[in-house]
Amino acid sequence: MLIQSGGMEIRMNYQEFKNAVLAAAKENNLKDYELYYTESSGTSVEAYQSEINTFTSESSLGVCFKCIINGKTGYASTENLTADDALSLIKRAAENALSIESDEPSFIHKAGDNYLSFEAPADLEPGSSELADFTLKLQSEVYKADKRVVDGTMSASGYESSRYALCNSNGLDLEDTAAFSYSYASALVSDGESKYDGSGIASGSLEGFDAAKIASEAVDDAVSTIGYTSVPSGKYTVVFSSKVMAALLSTYSSVFCADTAQKGLSLLAGKENTNVAADLLTLTDDPLYKDALVKRTFDAEGAATYPKNVIENGKLTTLLYNLATAAKAGVKTTGNASKASYASPVSIHPYSFYINPVKGSLEDLLVAAGDGIYVTSVEGLHAGANAITGDFSLSSGGFRIENGKKGRPVKGFTISGNFFSLLKDISLIGEDLKFNPFALGASRCGSPSVLVKGITIAGK
């Protein structure tokens, strides 16, 4: 209910505002419309040396109203959930629809989808003091883990929650929520001459985090590269770590989206039902992946989401579609419509997007490689990777593979290749599936370690 106070309107909650918008739409004889709502909040703390040096608390919400009048689409958005704004919202959207010149088709999703469900974990929101205490403990554990840890090391923890809702004139009334905590450490170590960095992270519920384990992961990551050398230039058998392969998949994930393909910006355009990868490779997009921190049962247009193999045994089975691109291709949407914010235009993104594990530990892949390079880090993905051509040239680091075992650290070399060729040239896929550790939202990529022969490396 709207509350009046001194002549000023007090903000409604979403349910109240939704009812006000629906009533206003009916009064103004709108037939085709949609209301999309997002809400998010977050708290984070950061420690440097032995003190909390940063504390932030943020929250935001907003709605976007969309209507179709005589085949023309209008939009309006607001962050003010009041009765006056409910009426203003639909009037502005209607005016925009009547004045627009674009003939681009638009859609209001129909009811009738089979929506999956999931059991949300208990909302164990930590207090600010809990986040601060754990972060200080984590920072202390990093310094305790190795005497070579130096200032420049930092730790952080946070909690994020989100809510997504959509209703429309076709009777859809949907809502998803998500909440999680995270903690990470960025360790800096010195051997007296040079400094090396590493990171460790945990996500989920704060009460289940192990500060000593996160600290050890960060310090071990940094220490492992002490004393690195470069490698001679040449072609090598390369084992890409799960972290690096996930990063490559994330960088090139747009090539699997139908909007990119239909604009002529993806070499996968027209390749559905053809082989685009090695036979052992299956690539899945799963909005309800068991370990995902953010699960989605409907997309930004109200279409039901579902798990799908985008590549199955090397064959491209489908691109990722929203309503508009699906209509253009004459297929059904895959439920991958996405909006960066409530007011953003609709785009396409995957959810939990990962190469399926096959068989074999990392050690098994190293044995199969015999001699080569184990690549554990890449830099310059935004500048050194071209999503249109698939070409990449990336500064890298890792370890020599010597007689089937991880050898001395190496760094300062460049790996070059082509992502589309890489998918076809993968000869082994491990079972150590991991997701990009710092991609905590709904769209994240994962992979096991993979073995590829004949990778070009420019070293010393």
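**Entry 1: K18 and D173.** I began with K18 and D173, whose side chains meet in a salt bridge at 2.8 Å, N to O. By salt bridge I mean a side-chain nitrogen of Lys or Arg within 4 Å of a carboxyl oxygen of Asp or Glu. K18 sits in helix α1 (residues 14-27) and D173 in strand β7 (residues 173-190), so this pair ties together parts 155 residues apart in sequence. Helices (H or I, at least four residues) and strands (E, at least two) are DSSP runs, numbered from the N terminus. K18 is buried, at 3% relative accessible area. I use buried for under 20% relative accessible area, exposed for over 50%, and partly exposed for in between (1.4 Å probe, protein chains only).

**Note on the model.** This is a predicted model, where local features need pLDDT of at least 70, side-chain atom pairs count only at pLDDT 80 or more, and totals for chains, interfaces and linings use all residues. Residues are numbered from 1 along each chain as its sequence is written, and side-chain values use heavy atoms, with hydrogens and water left out.

**Entry 2: R296 and D176.** Next I looked up R296 and D176, which form a salt bridge at 3.1 Å, N to O. The pair links distant parts of the chain, 120 residues apart: R296 is in the loop between β10 (283-286) and β11 (308-312), and D176 is in strand β7. Both R296 and D176 are buried.

**Entry 3: D146 and R148.** Here the closest N and O atoms of the salt bridge are 2.9 Å apart. D146 is buried at 14% relative accessibility, whereas R148 is partly exposed at 32%.

**Entry 4: the wider search.** I also found E39, R163 and E175 linked in a network of salt bridges. Searching the whole structure gave me 9 salt bridges.
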